[in-house]
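Student: I have a model open and would like to learn how to read its features. Please take me through them one at a time.

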Amino acid sequence: MRIQGGFGRGKSDAPDTREYRNMNMQILHAMTLKLVKELDCENNGGLPEIPVLTPK
């Protein structure tokens, strides 16, 4: 099973900066990691325990 997540940018007072994007990605990672652990996915679905937030 594949699960896709993302964040849209609707109306918000939060600035569109790397700091805020990283915070959103940390939230997404934490919830995804919790989900794969609940589903007992092998090797946590390949997710590391700590998110890697290095831009490509």
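Tutor: Let's begin with Asp-40, which is found in the segment after helix 1; helices (H or I, at least four residues) and strands (E, at least two) are DSSP runs, numbered from the N terminus. This is a predicted model, in which local features need pLDDT of at least 70 and side-chain atom pairs count only at pLDDT 80 or more, while totals for chains, interfaces and linings use all residues. Residues are numbered from 1 along each chain as its sequence is written, and side-chain values use heavy atoms, with hydrogens and water left out.

Student: Is Asp-40 buried or exposed?

Tutor: The cut-offs are on relative accessible area: buried is under 20%, exposed over 50%, and partly exposed in between (1.4 Å probe, protein chains only). Asp-40 has a relative accessible area of 67%, so it is exposed. Asn-43 counts as exposed because its relative accessibility is 64%.

Student: Why does Asn-44 count as buried?

Tutor: Its relative accessibility is 19%, so Asn-44 falls in the buried class. Asn-44 lies in the segment after helix 1 (18–38). Setting aside neighbours within four places in sequence, its contacts (heavy atoms within 4.5 Å) are Leu-33, Val-36, Lys-37 and Glu-49.

Student: Which residues of helix 1 are buried?

Tutor: They are Asn-22, His-29, Leu-33 and Val-36. These residues lie on the same side of helix 1 because they cover an arc of only 65° around the axis, the arc being that of the directions from the helix axis to the C-beta atoms.

Student: How many residues does helix 1 have, and what distance does it reach?

Tutor: Helix 1 has 21 residues, and from first C-alpha to last it reaches 30 Å. That is close to the expected 30 Å, which is 1.5 Å times one less than the number of residues.

Student: Which residues make the nonpolar surface patch?

Tutor: A patch uses residues with over 30% relative accessible area and no salt bridge, joining like charges within 9 Å and nonpolar side chains (Val, Leu, Ile, Met, Phe, Trp, Tyr) within 5 Å; a salt bridge is a side-chain nitrogen of Lys or Arg within 4 Å of a carboxyl oxygen of Asp or Glu. In this model, Ile-3, Leu-35 and Leu-39 make a patch of about 260 Å², an area from the Shrake-Rupley method with a 1.4 Å probe, where for residues only the protein chains shown count as cover. Leu-35 sits in helix 1 and is partly exposed because its relative accessibility is 34%.

Student: Where is Val-52?

Tutor: Val-52 is in the segment after helix 1. Its C-alpha is 9.1 Å from that of Gln-26, although 26 residues separate them along the chain. With a relative accessible area of 65%, Val-52 is exposed.

Student: How does the protein chain look as a whole?

Tutor: Of its 56 residues, 9% count as buried. Its accessible surface is about 5,200 Å², with 53% belonging to carbon and sulfur atoms. Of the contacts between residues at least 6 apart in sequence, 27% join residues at least 24 apart.
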